[in-house]
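Hi there,

Here is the structure I promised to pass on. Have a look first, and then read my notes below.

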Amino acid sequence: MATTIVLVLVNVGCAISPMVINAITPDPKQALIISMIFFVCFTIYAVGHYVHVHKQAAVKA
């Protein structure tokens, strides 16, 4: 059931995301810059979270 919910929500997100980006800015160059900024921020957060979790695991071990 959980996998089904995840797959449905991913498909909905893929269908809606072009409309949301187009609502933010109709200019394709600006849309790519906004997407790049989002993905850079998300990557920085993900790497920071990964390092933090693994430091905690190393301290417990």
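How many helices and strands are there in the protein chain? There are two helices and zero strands, where helices (H or I, at least four residues) and strands (E, at least two) are DSSP runs numbered from the N terminus.

Some ground rules before the details. This is a predicted model, in which local features need pLDDT of at least 70 and side-chain atom pairs count only at pLDDT 80 or more, while totals for chains, interfaces and linings use all residues. Residues are numbered from 1 along each chain as its sequence is written, and side-chain values use heavy atoms, with hydrogens and water left out.

Overall shape: the radius of gyration of the protein chain is 17 Å, whereas a compact globule of 61 residues would come out near 10 Å (taken over C-alpha atoms; the globule rule is 2.2 Å times the number of residues to the power 0.38). Along the principal axes, the C-alpha atoms fill a box of roughly 50 × 35 × 10 Å. Of the 61 residues, 3% count as buried (under 20% relative accessible area, with exposed over 50% and partly exposed in between; 1.4 Å probe, protein chains only).

Helix H1 covers residues 2-24. Its 23 residues should span 33 Å at 1.5 Å a residue, and the end C-alpha atoms are 31 Å apart, which agrees (the expected span is 1.5 Å times one less than the number of residues). H1 also bends by about 35 degrees at isoleucine 16, with proline 18 following within four residues; the bend is the angle between axes fitted to the seven residues ending there and the seven starting there.

Threonine 25 sits in the loop between H1 and helix H2 (28-60). Threonine 25 counts as buried because its relative accessibility is 7%. Its side chain reaches the backbone nitrogen of aspartate 27 at 3.3 Å. Leaving out residues up to four places away in sequence, threonine 25 touches Gln30, Ala31 and Ile34 (heavy atoms within 4.5 Å).

In H2 you will find threonine 43 and histidine 54. Threonine 43 is partly exposed at 45% relative accessible area, and histidine 54 is partly exposed at 42% relative accessibility. Histidine 54 and valine 8 are 46 residues apart in sequence and 31 Å apart in space, C-alpha to C-alpha.

Finally, an unreviewed UniProt entry annotates residues 31-51 as "transmembrane region"; such annotations may be inferred rather than shown by experiment. In the model, that stretch is 100% helix and 0% strand, with its end C-alpha atoms 30 Å apart.

Best wishes

Note on methods
A polar contact is a pair of N or O atoms within 3.5 Å; within protein, one must be able to donate a hydrogen and the other to accept it, and residues adjacent in sequence count only if both atoms are side-chain atoms.
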